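Look at the structure below and follow the chain from its start to its end. The paragraphs after it go from the overall order of elements to the sheet, and then to a single residue.

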Amino acid sequence: MLAAGHGTILLTGASAGVKGYAQSAPFAMGKFALRGLAQSAARELHPQGVHVGHIVIDGGIRSTLHPDSGQDSLLDPDAIAASYLQLIRQPRNAWSWEIEIRPWVEKF
């Protein structure tokens with residue numbers, strides 16, 4: 001990517017990387033570290049044309065194992081994918097380094 005002068009690296013985090021929860025220290029440590037890696041890499045690589053993004057997934061994800069019963073309370077995998085594509089396609093004069101994705105019922 002550096003040789004080409006462009007590319008995108010996306011890292012998937014969780015709300016635990018932004019705020020620690022009781023009884024979840026090991027998970028929070030890993031997600032905080034991932035967020036720090038993304039932020040540092042963005043500062044290093046953005047000036048070289050490589051877009052680095054951190055995506056906070058804050059909520060359950062709908063699957064065939066966890067149907068949503070039409071309530072829209074779980075994240076739709078296709079909607080998550082659309083957000084990732086939006087980040088990849090951002091013009092470099094308006095890059096985001098971090099976005100949060102959550103269903104409308106999730107508290108934040």
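Read along the sequence, this chain follows the pattern β-α-β-α-β. That gives two helices and three strands in the chain. Keep in mind that the model is predicted. The C-alpha atoms fill a box of roughly 45 × 30 × 20 Å, taken along the principal axes. Of the 108 residues in the chain, 31% are buried.

Now turn to the strands. The three strands form an open sheet in the order β1-β2-β3, and the pairing is parallel. Strands β1 and β3 (98-101) stand at the edges; each has a single partner strand, so one side of each is left without a neighbour in the sheet. On average, neighbouring strands of this sheet are turned by 25 degrees against each other, direction ignored.

The pairings can be taken one at a time. Strand β1 covers residues 7-14 and strand β2 covers residues 50-57; the two run parallel and are joined by eight bridges. Within this pair, G13 has V56 in β2 as its bridge partner. To get from β1 to β2 the chain passes through α1, and this β-α-β crossover is right-handed.

K31 is found in α1, which spans residues 25-45. Is K31 buried or exposed, and how far away is the nearest side chain of opposite charge? K31 is buried, and the nearest side chain of opposite charge, E98, is 11 Å away. K31 has no salt bridge, because a salt bridge requires a side-chain nitrogen of Lys or Arg within 4 Å of a carboxyl oxygen of Asp or Glu.

What is K31 in contact with, leaving aside its neighbours within four places in sequence? The residues in contact with K31 are then T12, G13, A14, A16 and G17. Among them, G13 is the bridge partner of V56 in β2.

Definitions and conventions: Residues numbered from 1 in each chain as written. Predicted model: local features only at pLDDT ≥ 70, side-chain atom pairs only at ≥ 80, totals over all residues. Heavy atoms only, no water. Helix = DSSP H or I, 4+ residues; strand = E, 2+ residues; numbered from the N terminus. Buried < 20%, exposed > 50% of the residue type's maximum accessible area, 1.4 Å probe, protein only. Lys, Arg positive; Asp, Glu negative; His and termini not counted. Contact = heavy atoms within 4.5 Å. Pairing = 2+ DSSP bridges. Right-handed = clockwise from strand over helix to strand, strands pointing away. Axes fitted to C-alpha atoms, helices over the stretch in contact; angles between N-to-C directions.
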